[in-house]
Amino acid sequence: MAINWFKYSSPPSFYSLAGKMIPLFSITSIVLFALGLYIGFFVAPTDFQQSEAYRIIFIHVPAAWMSMFLYLIMAGWAAIGLAFNTRLSSMIATAIAPTGAMFTFLALWTGAFWGKPMWGTWWVWDARLTSELILLFLYIGFMALQAAIDDPRRADKAGAVIALVGVVNIPIIYFSVKWWNTLHQGATVSLTQSPKMATTMLTGMLIMSLACWMYSIAVILMRTRTIILERERNTMWVSDLQGAA
Amino acid sequence: MFLWVIRRDLLLAMRQRADVLTTLFFFVIVVSLFPLGVGPEINMLRAMAPGVVWVAALLASMLSLERMFFSDYLDGTLEQMLLSPEPLSLLVLGKALAHWLVTGVPLALIAPILGVQFDLSIDALLVLTASLLLGTPILSLIGAIGAALTLGLRGGGVLVSLLVLPLYIPVLIFGAGAVEASSVGLGASAHLSLLGAFLLLSLVFAPWAAAVALRISLE
């Protein structure tokens, strides 16, 4: 049976689909967070160099991953919206931005907490930290531009252009620890090599990232639903919805 | 048509010389504020001179971005340009180059004089000028995207800084880095090559992105 995927690119049907999916993702995310935090605090062994302080890795690394992934996904949806003129894709891009900015901030914040005991400083002007900070600025610029434009369609397209221009920063962040000799350590986890850390630590970290993914999807769906309602407030189906409620 | 846009923008700039000079004096004043703010310690000034000059150049170039499209937007010339059969990105490239000739080149030429105030060596002054000559066209080109996106928006001036300054950061790092490297004796060629690479990349992509942005803004 062929599934008509395009059905869900119309805001009303996406609205109801998202409404059904949100509880699923929220519950999965809560369960995974609980499991990940349990492993992080009680199961994972104490690091012989960094003692207990390393445990912040369980939120720091997933947050940093999410900050980059979400930017790419946001730019991807924005590009689809720009190229095919689909309303929903642009709405999703708009919905992703605050969550992405939150994770970027979280990565910087937890990084500062980690840096203080390990490097002896809250902040260094190292390539990875700086480029992550630029990422935060890019998210803020995207949101500020969209907020300044009253016409939602123009806001979508203008945001798409600035998001796509900003994509150049992502490889810079990712490879910064390879290209420059910096204080921030290199990647410990990669797809091609066996991980350079204890298995329980890795499991905890992966579960936490999965939890962050689920959380992001749930929050983004909620925000998309709000944006849909806001933009479609003058349509029949929204007033029907209000009548039913 | 490309040359026509450049000639026209230069002519307009010459008719309103005050605007051009304001940007230049803004640059000079910002640079002169730093020794007053941090104190006249000559070794410290020498160390921070490249960064200070470059940050001031970034700000000066950004402040004049609004002029790139705004007056044409107000009197309707821009809409006519959009209708013309010439590719819009070519026209944008012309406008960005004119912006560079009016703001970037004067900045680069006056920078050595400011560098002398900071006690930079002759070599460092030459590298400073070279890096500014290579770097400021990138600022104009990237700035064109920001200026096109914020065209006619309320609070456009502040917004453009939020959009454009993060994208200026690589230029700042390698521009100022070139001067620092040469004054330490490492040679500036690596930094200057990277600036050149940025320039080529932005020459190809920025006019195109700015043209897309202009069409969105004038829809």
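## Helices and the model

Helices here are DSSP runs of H or I, at least four residues long, numbered from the N terminus. With that in hand, welcome to a predicted model, which scores ipTM 0.82 and pTM 0.86. For chain B, the mean pLDDT is 88, and 100% of its residues reach 70 or more.

## Leu70(A) and its surroundings

Let's start inside chain A, where Leu70(A) sits in helix H2, spanning residues 57-84. Is this residue buried or exposed? Leu70(A) counts as buried because it has 25 C-beta neighbours inside 10 Å, and the cut-off for that label is 20 or more.

Which residues does Leu70(A) touch, leaving aside those up to four places away in sequence? They are Ile96(A), Thr99(A), Gly100(A), Phe103(A) and Ser216(A). As for Leu202(A), it lies 132 residues from Leu70(A) along the chain, and 22 Å separates the C-alpha atoms of the two.

## Where chain B meets chain A

Now for the meeting of the two chains: 15 residues of chain A are in contact with 16 residues of chain B. On the chain B side, at least two residues each are supplied by helix H7 (122-149), helix H8 (156-184) and helix H9 (189-217). Of these, H8(B) gives the largest share, with 6 residues.

What is the make-up of the side of chain B that touches chain A, in nonpolar, polar and charged residues? That side holds 13 nonpolar residues, along with 1 polar and 2 charged.

Notes. Residues numbered from 1 in each chain as written. Chains lettered and ligands numbered in written order. Predicted model: local features only at pLDDT ≥ 70, side-chain atom pairs only at ≥ 80, totals over all residues. Contact = placed C-beta atoms within 7 Å. Nonpolar A, V, L, I, M, F, W, Y, C, P; charged D, E, K, R; others polar. Buried ≥ 20, exposed ≤ 12 C-beta atoms within 10 Å, placed from the backbone. pLDDT = per-residue confidence, 0-100.
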